[in-house]
Amino acid sequence: MTVGASVRPAQARARQARSPRPPRPPPPANAAAQCRSERPRGCRASNPGVDPGPRRAQPSRWRSLWPPHQSLTGPLGPLRPEEGGWNGCSGSGLLWNLQRRPRRAHKGSDGGRRGLPGARGRAPEVACARPSRAPGTMARRLQPRGAGTKGPPAATAAASEAGPRPHPSAAAEPLASAKPLLRWDEVPDDFVECFILSGYRRLPCTAQECLASVLKPTNETLNFWTHFIPLLLFLSKFCRLFFLSGRDVPFHHPWLLPLWCYASGVLLTFAMSCTAHVFSCLSLRLRAAFFYLDYASISYYGFGSTVAYYYYLLPGLSLLDARVMTPYVQQRLGWHVDCTRLIAAYRALVLPVAFVLAVACTVACCKSRTDWCSYPFALRTFVFVMPLSMACPIMLESWLFDLRGENPTLFVHFYRRYFWLVVAAFFNVSKIPERIHPGLFDIIGHSHQLFHIFTFLSIYDQVYYVEEGLRQFLEAPPAAPTFSGTVGYMLLLVVCLGLVIKKFLNSAESCSKK
């Protein structure tokens, strides 16, 4: 009996294996179209022919209030942004559209890139969309919420499919007129300035819009006026020096060639600064080109100042007179040294060294606009201090000799000029006051405007003692300046700076194509 009982179940199993299984019932008609979030919470799939697998936790309606940088999982897995909303169920899509726009990483915040470190400004609510675009083109500006047709997403999609879509330019013009200024999270990273949260112009702008923006409260308006007004002042000043001074020397006399070099450097610096700040929003390439020209004009001005020093100020210093320095060294230091050769070598190297420094400073400043530089403002400030070392003989003259008694105008204006330069460098590097309260000084009072004001004051003092040196030079000119030693150097410098700018623009264009 035990053997028969054990044989019968084995035969039943073999008989069941040989017989075909009955077909499974087809799934319900609405099983494929049914969304999982529409089923009761905690229920399995209604299709009995498919293994539903492990049950997933349903999302909470408060997920939309979570920070956008956290990875969230919906009932169908990770939610992905698409055209007009989010994948998955319509209910969760409505909740996800209430999310604020994710904050971007800006240059200078983390990883040593320029941008907006430490800012805590809330981003505006926008409808997240990722329109398809060709590679290499800029992303389309995100539209603010409420700009399109109101209603549920289904009605909006049906309305867009039923009627013809308007041209993008027709929709962009009302938006630009309604909101001409943008926040820091609505512009490309290359346009964002440290701790400046608002007041940005839209990109791209036309030339007419750029010119009209100088009369509107943007974060570039006072950057323009703080150099445009000094440009007019110095233009009138040099016109009086060249044409209305009442001297017997005509404006084209060789004695005035160093003054022409210096005046062209001063006027070109202010003119290029105004141009860069006004037309910087034409396009990304033109923005880079204008600021490269701005750096080149500062180097040009630095070399022009050295030319004016070389002919008008250095010959009157006792420090560069061998008849005075040789007995002075013997008396103070006890060294029997003939200073004639040393002074002659210095005179021969002043202009070539200043020329090389001008080109090197332009290369370094143009390089600071790339991603490798962590502190671009500090680098540019330090770089443009280097050409000022050509004025070291005047400082040594005041320490070793009685410069205040011999030339009080040079003494007072020289040291006051360098005081203004130190203050300007402090504001340019520290980014105070906008670092203390980001967003409060976006339009008026930020550090770049203060930097412009103090650089204007420094050049204003410099013009005074250069004019005093010209007056002493005309009383007893030691030697007439040559064309090759003044204008020739300046023209050669223009060619070299132009080649530097062209190289950086071509390299930037090739990188953007890659």
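**The nonpolar core and the packing of its surrounding helices**

In this predicted model, the largest nonpolar core comprises 97 residues, and those with the most contacts inside this core are Phe234, Phe238, Leu259 and Tyr262. Helix H8, which spans residues 284-313, gives the most to this core, contributing 17 residues. The surroundings of Phe234 can be listed in detail: when residues up to four places away in sequence are not counted, Phe234 touches Val266, Leu267 and Phe270, and also Phe456, Ile459, Tyr460 and Val463. In soluble globular proteins, nonpolar side chains tend to be buried together.

Helix H9, formed by residues 322-332, has as its buried residues Ala322, Met325, Thr326, Tyr328 and Val329. An α-helix has 3.6 residues a turn, so residues three or four places apart point the same way. The cover over the buried residues of H9 includes helix H10 (340-367) and helix H12 (392-400). At the start of H9, a side-chain oxygen of Asp321 lies within 3.2 Å of the backbone nitrogen of Arg323, whereas the helix is followed by Gly334, a residue whose phi is positive, near 75 degrees.

A further pair of packed helices is formed by H11 (residues 376-385) and H14 (residues 408-430), whose axes are 8 Å apart and meet at an angle of about 160 degrees. Because an angle over 145 degrees counts as roughly antiparallel, H11 is roughly antiparallel to H14. In this contact, Phe377, Ala378 and Thr381 of H11 meet Ala425, Asn428 and Val429 of H14, and the residues involved divide into 4 nonpolar and 2 polar, with no charged residue.

Methods: Residues numbered from 1 in each chain as written. Predicted model: local features only at pLDDT ≥ 70, side-chain atom pairs only at ≥ 80, totals over all residues. Heavy atoms only, no water. Axes fitted to C-alpha atoms, helices over the stretch in contact; angles between N-to-C directions. Helix = DSSP H or I, 4+ residues; strand = E, 2+ residues; numbered from the N terminus. Parallel < 35°, antiparallel > 145°, perpendicular 65-115°, else oblique. Contact = heavy atoms within 4.5 Å. Nonpolar A, V, L, I, M, F, W, Y, C, P; charged D, E, K, R; others polar. Buried < 20%, exposed > 50% of the residue type's maximum accessible area, 1.4 Å probe, protein only. Polar contact = N/O pair within 3.5 Å; in protein donor to acceptor, adjacent residues only side chain to side chain. Core = buried A, V, L, I, M, F, W, Y, C linked by side-chain atoms within 4.5 Å.
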